[in-house]
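Subject: Structure for you to look over

Hello,

Here is the structure I said I would pass on. Please open it first; my notes on what I found follow below.

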Amino acid sequence: MIGGAVGVGTAVAGASVFAANNTRALAASSDTFTYPALLTGTTSGTTTTYTLDMETGTHDVLSGVSSSTMGFNGSYLGPTMKWTNGQTVQMNVTNNLGADTTVHWHGAHVPAKVDGGPQVAFADGTTWSPSFTVNQDAATLWYHPHALGTTAEQVVKGLAGLIIIEDDSDATAALPSDYGVDDIPVVLQCLAVSSAGDIKYNLSGYLTSGLDFPVLCNGVNVDNTTLTFTATKTRTRVRLLNASPADIITVSRTDGGTMTQIATEQGYIDAATGVTSIRLVAGSRAEIVLDLTAAVTLQAVITTGWVRGGSGTYEFLTITPAATDTPATLPSALNTITRYDTTAFTARTITLSQSGTTMLINGVAGTTMAAMTTNMITTTLNAEEIWTVTNATQLEHSFHVHDVPFQIISVDGTAPTGVDLGWKDTVEVVGGSTVKIAMKFTDYTDDTYMYMLHCHILMHEDEGMMAGLMVETS
Ligand code: C2O
Ligand code: CU
Ligand code: CU
């Protein structure tokens, strides 16, 4: 499932034990960059069918130490899917995990019944077969389990994959799109693992002593190695996903140079924008292009979340150009994002709080479907809303809303600038702060199935920081 061998040679002997603060100035070794394979669908008429098998297995998340893991169509992570705007997708997802699960298409604008929230959990040995029409512009999404109380465990054990949405826009036509050649995926994960390889996912696990905090790029441990990718085109597009359970990952070049950001989580930004770092909270994505005439190394600075350890700097990927082509100038406009005028929008307040280790939204812990229903946010088709999301805790939260993209309106009263004007589905809400976001509930209604809103720090989600969201017919 992973293109090429995973963890090609554990090149550095005795590299499995690291201190919690693992700052590595020089690459000790290098391994070839590998990435999840593309999943080929079967197309009949206008419908493309994709098959995902959720399996258990083993994988070395610490170099040379085998861990019990889970994956889609393999033992760790999952293949990348390419969906095209307008296409009908039929998913056949089989659960062979030995436990209930669901699969949520994070960032997809699809009906609630096929969104894969906890309400549609399916049992071991069964197959879930949702079908929907892709109804959104080009973006980098991902998919992962979402069953009640087990999301963190199943995601950190490896159940995560990318979805690339393609469309017929001029920007898409102008940008690199040859998967694995000039369009490469980077799935970053910061885990917490015992020296015996037991992957931790909850409070008691994180409070065990002697943990390692490996950082993985596409499933390959980069604690002591920098992966190498030879670019056969001068321009390389990199799709970044922070699939960590909690940690914030800031990506930059080791030389401090500029990266050209082209997309936030929900698609292209108005114009390509030079940035020197990209801060990704848990669940976030971004896309960049790099026009290279000399090698560049990307590094991830990990800022630990919640009670975890593991902060540090990790050089994860060196891109070495072996190309002579001159890329065309990027289009001056990649997208046209009309900023919402929220004057007439319906206001709603979302308070993130905690009671001990129980996490709350508007005072309720979403740890049961009953709580999700009583604490449900109910809106109507085409409603335009502005949400004031207040973080009443001292902890970091990564606020995520299913169904529709949102715009950041303000952060502690200050309007966003630059790439923060792009379409989002996940936003950082630091301790004590207030973020205003605005969205329109277009297209889909249901009076039985709900979407979710929650913290994407997966333990917080499992500990109750989640609520239902139902879009009803007006
Ligand atoms: Cu990526 Cu409701 O989640
Ligand atoms: Cu989601
Ligand atoms: Cu949180």
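Along the chain, the donors of the copper ion (ligand 3) follow the spacing H-x57-C-x4-H. This is a predicted model, and the site should be read with that in mind. The residues concerned are His 397, which gives ND1, Cys 455, which gives SG, and His 460, which also gives ND1, at 1.9 to 2.1 Å. Cys 455 has a relative accessibility of 1% and therefore counts as buried. His 460 counts as buried too, at 0%.

A further copper ion (ligand 2) is coordinated through NE2 of His 104 and NE2 of His 400, at 1.9 Å. These two histidines come from distant parts of the chain, 296 residues apart: His 104 belongs to strand β9 (residues 104-106) and His 400 to strand β30 (residues 397-401). Are they buried or exposed? His 104 has 1% relative accessibility, so it counts as buried. His 400 is buried as well, with a relative accessible area of 0%.

On the overall layout, the protein chain is divided into domain 1 (20-167), domain 2 (183-321) and domain 3 (342-472). The centres of domain 1 and domain 2, taken over C-alpha atoms, are separated by 18 Å. Across that boundary, 44 residues of domain 1 are in contact with 50 residues of domain 2.

Next, the aromatic residues. The structure holds 14 aromatic pairs. One cluster, linked by ring pairs, is made up of Phe 72, Trp 83, Trp 105, Phe 122, Trp 128, Phe 132 and Tyr 143.

Strand β18 (residues 235-242) deserves a look. Eight of its eight residues are buried, so the strand is largely enclosed by the rest of the structure. The cover extends to both faces: Arg 235, Arg 237, Arg 239 and Leu 241 are buried on one side, and Thr 236, Val 238, Leu 240 and Asn 242 on the other. Strand β14 (residues 183-190) runs parallel to β18 and is joined to it by six bridges, with Leu 188 opposite Asn 242. Strand β23 (residues 285-291) pairs with β18 in the antiparallel sense over seven bridges, and here Leu 241 stands opposite Arg 285.

Two groups of strands remain. An open sheet of five strands, with mixed pairing, has the order β28-β35-β34-β30-β32. Its edge strands, β28 (377-380) and β32 (426-429), each pair on one side only. Neighbouring strands of this sheet are turned by 25° against each other on average, direction ignored. Within the sheet, β28 and strand β35 (residues 466-472) run parallel and are joined by four bridges; Thr 378 stands opposite Met 470 in β35. Strand β30, which is part of this order, also carries His 400, one of the two donors to the copper ion (ligand 2).

Strand β29 (residues 384-391) and strand β33 (residues 434-440) run antiparallel and are joined by seven bridges, with Thr 390 opposite Thr 434. Strand β31 (residues 407-411) also pairs with β33 in the antiparallel sense, over four bridges, and Ser 410 stands opposite Lys 436.

Best wishes

Conventions:
Residues are numbered from 1 along each chain as its sequence is written. Chains are lettered from A and ligands numbered from 1 in the order in which they are written. This is a predicted model: local features need pLDDT of at least 70, side-chain atom pairs count only at pLDDT 80 or more; totals for chains, interfaces and linings use all residues. Side-chain values use heavy atoms; hydrogens and water are left out. Donors are N, O and S atoms within 2.8 Å of the metal (3.2 Å for Na, K and Ca); water is not among the atoms, so sites may look incomplete. Buried means under 20% relative accessible area, exposed over 50%, partly exposed in between (1.4 Å probe, protein chains only). Rings of Phe, Tyr and Trp (its six-membered ring) pair if their centres lie within 6.5 Å; planes under 30 degrees apart count as stacked, over 60 as edge-to-face and the rest as tilted. Two strands pair if DSSP finds at least two bridges between them. Axes are lines fitted to C-alpha atoms, for helices over the stretch in contact, and angles run from 0 to 180 degrees between N-to-C directions. Domain bounds come from an automatic or database domain assignment. Contact means heavy atoms within 4.5 Å.
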